[in-house]
Amino acid sequence: MIKISIPTPDVTITKQENPELSNIYGFTDFHLITRDKGGIFMFYNDDKELLFVGKARKLRQRIKKHFEDNVSPIKSHREEVTKISVCLVEDPVHREIYETYIINELKAKYNVDKVFYR
């Protein structure tokens with residue numbers, strides 16, 4: 001049997017109420033998320049419920065895209081996201097494994113692919 005544990009987040013940013021700086025849906029700390037490294041990211045709501053899990057080769061760019069494009073699975077739920085946690089995972093195979101594991105172990109609400117628990 002393979003033993004997998006969910007990695008501890010390297011960076012967590014939270015939504016700000018009435019931010020003064022320019023922002024994306026209330027998040028002002030995107031600069032804390034690396035531009036050049038890969039990993040997995042998790043979107044949470046106020047109730048600490050996992051909404052969505054994703055992976056990316058370049059984290060900051062991919063996370064921002066979820067708040068900007070029209071094809072994101074969370075496009076109708078962007079206002080719900082209050083916390084973003086990021087785990088650096090350089091190996092693409094490991095990212096794939098962690099993403100699938102977290103989606104199913106924590107039952108991410110808006111992930112539709114890679115779901116085995118329904």
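Which residues does Ser-72 touch, not counting residues up to four places away in sequence? In this predicted model, Ser-72 touches His-66 and Arg-78 under that condition.

- A polar contact of 2.7 Å links the side chain of Ser-72 to the side chain of His-66.
- His-66 is therefore both a residue touched by Ser-72 and its partner in a side-chain polar contact, given that such a contact is a pair of N or O atoms within 3.5 Å.

**Strand pairing**
- Strand 4 comprises residues 83-88 and pairs with strand 1 in the antiparallel sense, over 4 bridges.
- Within this pairing, Ile-13 is located opposite Ile-84 of strand 4.
- Strand 4 also runs antiparallel to strand 2, to which it is joined by 6 bridges.
- Met-42 has Ser-85 in strand 4 as its bridge partner.

- Thr-34 is situated in the loop between strand 1 (11-14) and strand 2 (39-44).
- The relative accessibility of Thr-34 is 23%, so this residue counts as partly exposed; the buried class requires a value under 20%.
- When neighbours within four places in sequence are left aside, the contacts of Thr-34 are Leu-59, Arg-60 and Leu-88.
- The side chain of Thr-34 also reaches the backbone nitrogen of Asp-36, at 3.3 Å.
- Between the C-alpha atoms of Thr-34 and Ile-97 the distance is 21 Å, with a separation of 63 residues in sequence.

**Residues with positive phi**
- Asn-18 is not a glycine, yet its phi is positive, at about 45°.
- The loop between strand 1 and strand 2 contains Asn-18, and Thr-34 lies in that loop as well.
- Asn-18 counts as exposed because its relative accessibility is 72%, where the class begins over 50%.
- Lys-107, likewise not a glycine, has a positive phi of about 55°.
- Lys-107 is found in the segment after helix 2 (92-105).
- The relative accessibility of Lys-107 is 48%, and this residue therefore counts as partly exposed, since exposed requires over 50%.

Definitions and conventions
Residues numbered from 1 in each chain as written. Predicted model: local features only at pLDDT ≥ 70, side-chain atom pairs only at ≥ 80, totals over all residues. Heavy atoms only, no water. Helix = DSSP H or I, 4+ residues; strand = E, 2+ residues; numbered from the N terminus. Buried < 20%, exposed > 50% of the residue type's maximum accessible area, 1.4 Å probe, protein only. Contact = heavy atoms within 4.5 Å. Polar contact = N/O pair within 3.5 Å; in protein donor to acceptor, adjacent residues only side chain to side chain. Pairing = 2+ DSSP bridges.
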